[in-house]
Amino acid sequence: MKPTLLLLLSLFASITFAQIGVNISLPERGGTFIDLVKENYRWNDLNTGSAVDSNTVDDQGWPTVDAQYIVDCRPVAEWANSIDDPAAYRLDVSGTWSCSFNGVATVTALTGGSVQNMAHIVSSNTTTFDFVVAPGSNGFFLLNFTNTRRTPADSLNSGFTEFQMLRPGYANDQQLFHTPLLSLFDSVNFSATRYMVFTGTNGRDPDFPALTEWSDRKLPTDASQVRISSIGKNGGACWEYVIDFANRTQTDAWINVPISASADYVTQLATMLKDDLDTTLNIYVESSNEVWNTAPGFEQSQYNQAQAMNLGIGEQENHARRTIELAQAFEAVFGVGSLNDRVRIVLCSHQPMLKWWVEPMLQYVNTTFGTPSNYLYAIGAQTYFSGGHDIGEDTTKILMDCHASITAQINDMGVNEAGRMQWIAKANAWNLPGGFVSYEGGPDHGGGSTDNISNRILAERSHGMCAEMRYNLDDAFLQLGGTLAMQFTLTSSYNRYGCWGLTDDVNIPHRNYKFACIQALLPADTSSSTAISPMVEHAATSLSVYPNPSSGAVFINYELIRPANVSLTIVDNLGRAVYQRPFIAQAKGKHLWTWEGHDQVAGVYYYQLSFEGNIKGGTIVLKDE
């Protein structure tokens, strides 16, 4: 076994318990829902060539005209003839997508695949078709819906409704979430899931003093769960799906309440959570997201500033006031004693702003409402680290910069006095029961610059990044006294705008070392029934990989307790697939697959064996002959 791998395993050996959660996005790269339409809303009016607007969609967001549907899974920035990712990794979107909609239309594929088996069912006014995508697709689809009629009595060019585009492998829409996504959560014992991106928190609020009412919220029946500006729904997924996901994954729910949400909205939201969320799960409540951030896309900060001016207080005080307002509203629904127990109110701010924002906010709460610990569970900041923006830095230097970035955040005795130790001390001084939490964190190599982008991405995928993540989460947070660290994010593409994800493909999570790092920190609780999907019984009972290390052939031996579709993927330490065996049906009993590693260079490889709803993976070490 390579020394670096031994080192990583030894680093994890001392960790017995960790409170680590994850932020999830919409969409997750590789799929959140089995229905692509729920996570992709890009429609053009074929009459004008422009995006559909309020005049060309119905109340749910479905086109009322002939329209073009656009899907773009290409890596950044291929549309400009440049790909940031040195591996040029593409999602595998090949296969047969089962599609349907209500109404009649002629559907034509301009690019990406072919339309086959189109049929119209008169009794239900439903049109079905298959969209067939060949292997090697770049993931750019254009589907034209022409000669549309919502009903046979409607005129041509009247649109359609209820369009679905189910991922290959799904015959119907009885399942909501993509199985590989659920499998990731089955394989990692996350404490909590934060839904800031999933629910589209940033930039969703109207201008002050307008309010967001409960009737304005996203619904499961809307045309998509992402932003639909044409019907005034600028947020993301509906709260019903937040609850569904939390219940399925058995992770505490961290929610971000819009700063413009009315009193009735907050009460209705709290009531829905009380009624429908598993009673064993806790709820972390945060007012919007980063209301201190004045960058484009954070218009909630402008709302906070305008509201503060209207009330005659500072923007810091208004952020604190709104947070306490949420605490009072949730306590009114959940009952006396719920705060700091099941309902956990978190007051968040920018990491350098401890004495400029957080202390004044705590003082304001103390003076205006009473003892802060009666309302607030914790204070929170971000815990990102980065390095490697200088041209020419190799991955080793980038990782050294990352380590230094983390170390510099532990104890800050400079002007800001805002190191993690200072945040922890502040939480303790105010007797906050949840102490100091991190609402977002992890390696940060975004910003939009292409300087040294290839090496920055290579560093993200290297085994050394795993060690830096462990240092950031354990030594420089949990062992200091931090209580809950929220990783940002589960998945993402890797490009100039960020390499946030633990992986860049939900279907092949072991494309780098970051996901394995979290798995080592948070091994799945296999003794709990919640670690097993209620929809898919685990198919495999045993798995062995040998010899390991190997100088050539590697044997993968496993046993199925029932017939199952099985696939195998092996990737190198740059995230490149060096071997892929697609899903094939196998009978119950013992099976043996062989990987001939003779033509690969010595090093560490990741394997992933997928048994429908179950993923098993690990490392294979190839050594020189």
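**Contacts and cores**

Guide: Leaving aside residues up to four places away in sequence, Tyr69 touches Leu36, Val37, Asn40, Arg42, Trp43, Phe141, Leu142, Leu143, Phe145, Phe163 and Met165, where contact means heavy atoms within 4.5 Å. This is a predicted model, in which local features need pLDDT of at least 70 and side-chain atom pairs count only at pLDDT 80 or more, while totals for chains, interfaces and linings use all residues. Residues are numbered from 1 along each chain as its sequence is written, and side-chain values use heavy atoms, without hydrogens and water.

Visitor: Which residues touch the most other members of the largest nonpolar core?

Guide: They are Tyr69, Phe145, Phe163, Met165 and Ile255, in a core of 145 residues. A nonpolar core is a set of buried Ala, Val, Leu, Ile, Met, Phe, Trp, Tyr and Cys residues joined through side-chain atoms within 4.5 Å. Apart from it lies another core of 17 residues, including Val554 and Trp593.

Visitor: Turning to Arg511, is it buried or exposed?

Guide: Arg511 counts as buried because its relative accessibility is 0%; buried means under 20% relative accessible area, exposed over 50%, and partly exposed in between (1.4 Å probe, protein chains only).

Visitor: And where is Arg511 found?

Guide: Arg511 is in the loop between strand S16 (484–487) and helix H12 (513–521). Helices (H or I, at least four residues) and strands (E, at least two) are DSSP runs, numbered from the N terminus.

Visitor: What do H7 and H9 meet through?

Guide: Leu354, Val358, Glu359 and Leu362 in H7 meet Gln422, Trp423 and Lys426 in H9.
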